Amino acid sequence: MRGIMRIRLGGGRFRATATAAGASGAAPNKSELGKQPFMAQFGQGSVEPPSNSAPAMLDPRHSERLLKKVSMLMHEAVHMRNSSLPNATLRQLREDYLMLNMDYRQRALIVLGTQFGVDRKRLKGLMQHYMTLNSVGNTEETIEDKTSDSGIDAAHYRTERDLRAALVPLSSRLFEQMNGQVGGLKFLVDLRADLKTALLKNNLASLRALDSDLQGLFATWLSPACLELHRITWNDAACLLEKIVTYEAVHPITNLYDLKRRLGTGRRCFGYFHPAMPGEPLVFIEVALTKGIEGSAQKVLFGEPPCDEAVADCALFYSITSTQPGLKGIELGNFLIKRVVHLLRQEMPEVQNFVTLSPIPGFMHWLLAKLATQCHVQKSGDKSANSKLSEKLLFPEEEVKLEACRDEGNSKGPVEFMYDVLSSAEHEWASSEKLLEALRPPLLRLCARYILQEKKRGAALDPVTNFHVRNGASVEQLNWMGDTSSKGLAASAGLMVNYRYRH
């Protein structure tokens with residue numbers, strides 16, 4: 001099965017000078033790994049992260065000329081004025097656009113959204129013509145009448161076809177032409193990332209329409225049937241592994257040993273690729289094969305040694321990363337999880353549990369806001385005005401335990417004390433056994449409420465919960481001190497959650 005799923009992405013192997021163990025497949029010497037910058041350990045020096053960052057500010061007159069040229073190339077590409085050299089026009093358009101800084105890119109996108117939309121004059125004429133046809137052909141028809149064509153029916157179908165074509169903006173024609181070029185899909189993905197940035201500054205209807213059109217095209221072009229699943233291993237091209245290191249967003253990869261561990265025995269890493277973007281993972285997932293359901297990220301990442309695959313009965317998805325900001329809103333992660341579950345069930349029938357080890361990124365933001373509101377309500381003393389905001393966050397026994405943790409002379413109430421403790425930037429509470437014991441019951445209870453009960457527009461307030469529940473998973477268990485990193489303590493008080501995917 002592994003041989004079937006493997007695709008050749010091209011590129012060279014690791015250089016032999018990177019580490020002798022790397023070439024032989026043995027684990028590298030950990031004592032040697034921390035002595036040089038991470039990317040230098042690949043034998044290639046530092047590497048710039050893959051990005052679509054705009055160039056520095058050019059001379060304004062030059063930028064204006066370049067912007068006019070980009071607009072002219074858009075017109076040529078859409079209307080095929082340079083029909084003898086369409087590829088050259090599109091290639092020049094890409095090159096000139098990428099030379100613009102972000103301000104001028106945003107201006108180019110506004111031109112694209114406003115001047116290359118739907119031809120409303122033509123659309124209005126077609127609508128009037130269609131209404132005229134309806135008034136002429138508005139007569140009762142029998143089933144027998146519908147089995148034969150008439151002139152009015154043909155006119156209806158023809159006008160409906162023309163209406164559909166008229167509703168397609170000119171920009172979509174440009175996008176479809178660009179998608180047919182080498183490097184065109186990657187350019188459009190990066191262009192939508194620029195569009196997302198532009199929308200933060202100018203939330204214009206024309207830009208929103210442009211974004212919606214691109215998202216619809218990506219949903220078609222990047223359907224699961226068009227994507228290739230590839231198991232990423234230590235033997236893949238160095239340029240691909242560097243991208244995995246750069247893109248990893250959940251648990252950053254710290255060194256070469258960390259990377260090899262994640263790709264070695266008892267671990268799996270799979271990515272979705274598109275043939276038009278070779279060597280560029282669109283989304284990838286990291287899996288640990290474990291005995292039982294693991295609740296600690298540190299144990300998965302750094303525990304020694306990984307579980308023997310022969311006794312593993314659980315596939316733990318501990319990181320899933322979407323790599324392209326321009327593909328926001330395109331459902332790739334859910335298809336990847338389901339595809340990997342299916343693949344692992346075929347490869348390892350003894351693995352019966354498929355669960356995630358997921359962060360809870362919004363919990364502390366929600367909790368601190370709740371605690372701050374209750375502190376304000378208690379201090380205001382105006383119970384009538386604040387009755388709708390007042391709520392009981394702590395049980396009496398929890399308040400008693402928190403009060404017992406206060407320093408002598410600290411007269412703050414338990415809610416205010418809990419707020420002060422949890423809002424500390426240094427997270428001193430995580431190293432105090434007394435505070436950990438007092439905080440554990442309320443944090444677990446309030447986190448369960450946050451995950452299971454807190455909603456926004458009918459969906460789970462927590463984005464990770466919403467993602468997995470929409471994909472058919474269920475909440476399995478909460479894990480106390482599941483992520484003791486600074487990031488984990490700041491985001492979720494160290495809590496993590498397992499979501500189970502049933503098959």
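The protein chain has an average pLDDT of 85, and 83% of its residues score at least 70, where pLDDT is the predictor's confidence in each residue, from 0 to 100. The structure is a predicted model, in which local features need pLDDT of at least 70 and side-chain atom pairs count only at pLDDT 80 or more, whereas totals for chains, interfaces and linings use all residues. Residues are numbered from 1 along each chain as its sequence is written, and side-chain values use heavy atoms, with hydrogens and water left out.

Over residues 1-35 the pLDDT stays under 50, and the model has 60 contacts for them beyond four places in sequence, a contact being heavy atoms within 4.5 Å. Residues 42-49 also have a pLDDT below 50, with 19 contacts in the model beyond near neighbours in sequence. Where pLDDT is low, the predicted coordinates should not be read in detail.

The protein chain contains 23 helices and nine strands; helices (H or I, at least four residues) and strands (E, at least two) are DSSP runs, numbered from the N terminus. Of the 503 residues in the protein chain, 47% are buried. Here buried denotes under 20% relative accessible area, exposed over 50%, and partly exposed the range in between (1.4 Å probe, protein chains only). Among contacts in the protein chain with a separation of 6 or more, 74% involve residues 24 or more positions apart.

Strand 3 (residues 283-290) is mostly covered, with eight of its eight residues buried. Val283, Ile285, Val287 and Leu289 point one way from strand 3, while Phe284, Glu286, Ala288 and Thr290 point the other way; all are buried. Strand 3 has pairing partners in strand 2 and strand 4, two strands being paired if DSSP finds at least two bridges between them. The pairing with strand 2 (residues 267-273) is antiparallel and extends over six bridges, with Phe270 opposite Ile285 in strand 3. Strand 4 (residues 314-322) also runs antiparallel to strand 3, and eight bridges join them; in this pairing Ala288 stands opposite Leu316 in strand 4.

Helix 13 (residues 238-247) is likewise mostly covered, eight of its 10 residues being buried. These are Ala238, Leu240, Leu241, Glu242, Lys243, Ile244, Val245 and Tyr247. The buried residues of helix 13 pack against strand 2, strand 3 and strand 4, and also against strand 1 (228-231) and helix 14 (256-262).

On a 1 Å grid over the protein atoms alone, a cavity is a set of points where a 1.4 Å probe fits but cannot get out, and a pocket is an open set with protein on both sides within 12 Å along at least five of seven lines; lining residues have an atom within 4 Å of a point. Grid points are joined across faces, edges and corners, and a volume is the space filled by probe spheres set on the points. The structure holds three cavities of 30 Å³ or more, and the largest cavity has a volume of about 60 Å³. Its lining consists of Met74, Leu93, Tyr97, Leu112, Leu174, Phe175, Met178, Phe187, Leu188 and Leu191. Helix 5 (86-99), helix 10 (170-179) and helix 11 (184-201) are the elements that give two or more residues to this lining. By class, the lining of the largest cavity has 10 nonpolar, no polar and no charged residues, with Ala, Val, Leu, Ile, Met, Phe, Trp, Tyr, Cys and Pro counted as nonpolar, Asp, Glu, Lys and Arg as charged, and the others, Gly among them, as polar.

The largest pocket has a volume of about 1300 Å³. It is lined by 49 residues, of which Ile320, Ser322, Pro463, Val464 and Phe467 are the closest to its centre. The elements giving two or more residues to the pocket lining are helix 11, strand 3, strand 4, helix 16 (333-347), strand 7 (459-460), helix 22 (463-470) and helix 23 (486-492). This lining divides into 25 nonpolar, 15 polar and nine charged residues.

Several loop residues complete the description. His427 and Ser432 are found in the loop between helix 20 (414-422) and helix 21 (433-452). His427 is not a glycine, yet has a positive phi of about 55°; its relative accessibility is 13%, so His427 counts as buried. Ser432 counts as partly exposed because its relative accessibility is 23%.
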